[in-house]
2 protein chains.
Amino acid sequence: MSSSGTRTDLGRALCIITGASRGFGRVVARRVSELLKPGSALVLAARSGDELRAAAAEVTGAAAGGGGLRVHCVPVDLSLSDGLKELLDTVRTSFTEDMDHVLLINNAGSIGDVSRYMRSFTNMAEVDSYLSFNVSSSLCLTAGVLEACPRRPGLRRSVVNITSLCALKPHCSWVLYCTGKAARDMMFQGAGGGGAGRPGAQLLSRTSGH
Amino acid sequence: MSSSGTRTDLGRALCIITGASRGFGRVVARRVSELLKPGSALVLAARSGDELRAAAAEVTGAAAGGGGLRVHCVPVDLSLSDGLKELLDTVRTSFTEDMDHVLLINNAGSIGDVSRYMRSFTNMAEVDSYLSFNVSSSLCLTAGVLEACPRRPGLRRSVVNITSLCALKPHCSWVLYCTGKAARDMMFQGAGGGGAGRPGAQLLSRTSGH
């Protein structure tokens, strides 16, 4: 994301950012918007519509070239199949033939209740819901975006998984958070492997610093 | 599980083994039954009732002391809350005050379709179901067993997570399997931490050799 590298822009891109309404995701949305060429589209997803629209207004103000960037807000709950479907519908309609880059930033995630220890997690529906939002949705969104924007010459496809030190280092009262992050890290490591399974996309895991 | 260590038996124990109807789980069930003192109970869970009853018959034949061991078969699908509840009901009724050890072996797991790569996992319900069976159920079963058999002086509580090298080393067409194993490993590492969150139980992860 740094502009000090060999590339100073992200091209004419479709960029999708989840968890874009606040915190790290909102900062990333703004920073990315400054690196997109005119003709790009930025798809921002989060649960809160109001906060998402405020984030989009910030992005529109900060975007290089002003009107050259289309910004789409998709207020959805990604722990639900319908939410994922709605986001992918917007991805499909926002992707145009003249784009040279698709960039998905899997940032959405929930910390969960970090005051609780393993022995308190007796409710499967609660754990299922946590894993659905924090693990399944990022896998299925990644697969869905790669399907919606198939490989072709001249199209770069990049997927970033926002991770944390908690993917590697356990904390006894952060059981769900560490479990979800470890699962996502492994998922992206495995998916990035070579051979016939190579998805034709660059897959990266990057920490947000916590 | 080795009888060559300082302990040559597992005590008068309640031992719960998931995925006990075949393969590694079935072998473990038989081996464990040889190390249980009279007055113990062995609870075997798996989806297939027929295979489970065959495994139970093997165990009963192999058990030291013959009639001193009660064997309970619980044919359930642990990806469902009702399955977990049924297993925990049997755990509660099998646990007696004179037992000095509770041993849970979280062995159940599914390999999934290892011919498929990340880009094919667009169906959230499929991924949710995999994670529910392979991750949520072992967390909630562990929490449920610790709740059903609360700590008291003289009671040892042990939980074993059957893991795999795939928890550490990604394979590009084993996305779900590696993800599930990494999640479970982290879950047990986190839960085993010290301080106020310590569950008063020994938590171990052991590979079955693949």
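Biologist: How many bridges join strand β2 and β3(A) of chain A?
Modeller: This is a predicted model, and in it β2 of chain A covers residues 40-46.

Biologist: Which strands sit at the edges of the open sheet in chain A?
Modeller: The sheet has six strands with parallel pairing, in the order β3-β2-β1-β4-β5-β6. An edge strand pairs on one side only. That leaves the two ends of the order, β3 (69-75) and β6 (202-207) of chain A.

Biologist: At about what angle does helix α4 of chain A run to β4(A)?
Modeller: Helix α4 spans residues 124-148 and packs on the sheet. There it touches β1, β4 (101-106) and β5 (156-163) of chain A. Its direction makes an angle with that of β4(A) of about 175°.

Biologist: Which residues have the most contacts inside the largest nonpolar core?
Modeller: In soluble globular proteins, nonpolar side chains tend to be buried together. Here the largest such core holds 92 residues. As an example of contacts, L14(A) touches residues including A41(A), V43(A), V91(A) and F95(A), leaving aside neighbours within four places in sequence. The residues with the most contacts inside the core are L14(A), I16(A), L14(B) and I16(B).

Biologist: How far is R47(A) from the ring centre of F133(A)?
Modeller: R47(A) lies over the face of F133(A). In chain B, R47(B) lies over the face of F133(B), at 4.3 Å from the ring centre. For R47(A), the distance to the ring centre of F133(A) is 4.3 Å.

Note on methods
Residues numbered from 1 in each chain as written. Chains lettered and ligands numbered in written order. Predicted model: local features only at pLDDT ≥ 70, side-chain atom pairs only at ≥ 80, totals over all residues. Heavy atoms only, no water. Lys NZ or Arg CZ within 6 Å of the ring centre and 35° of its normal. Core = buried A, V, L, I, M, F, W, Y, C linked by side-chain atoms within 4.5 Å. Buried < 20%, exposed > 50% of the residue type's maximum accessible area, 1.4 Å probe, protein only. Contact = heavy atoms within 4.5 Å. Pairing = 2+ DSSP bridges. Helix = DSSP H or I, 4+ residues; strand = E, 2+ residues; numbered from the N terminus. Axes fitted to C-alpha atoms, helices over the stretch in contact; angles between N-to-C directions.
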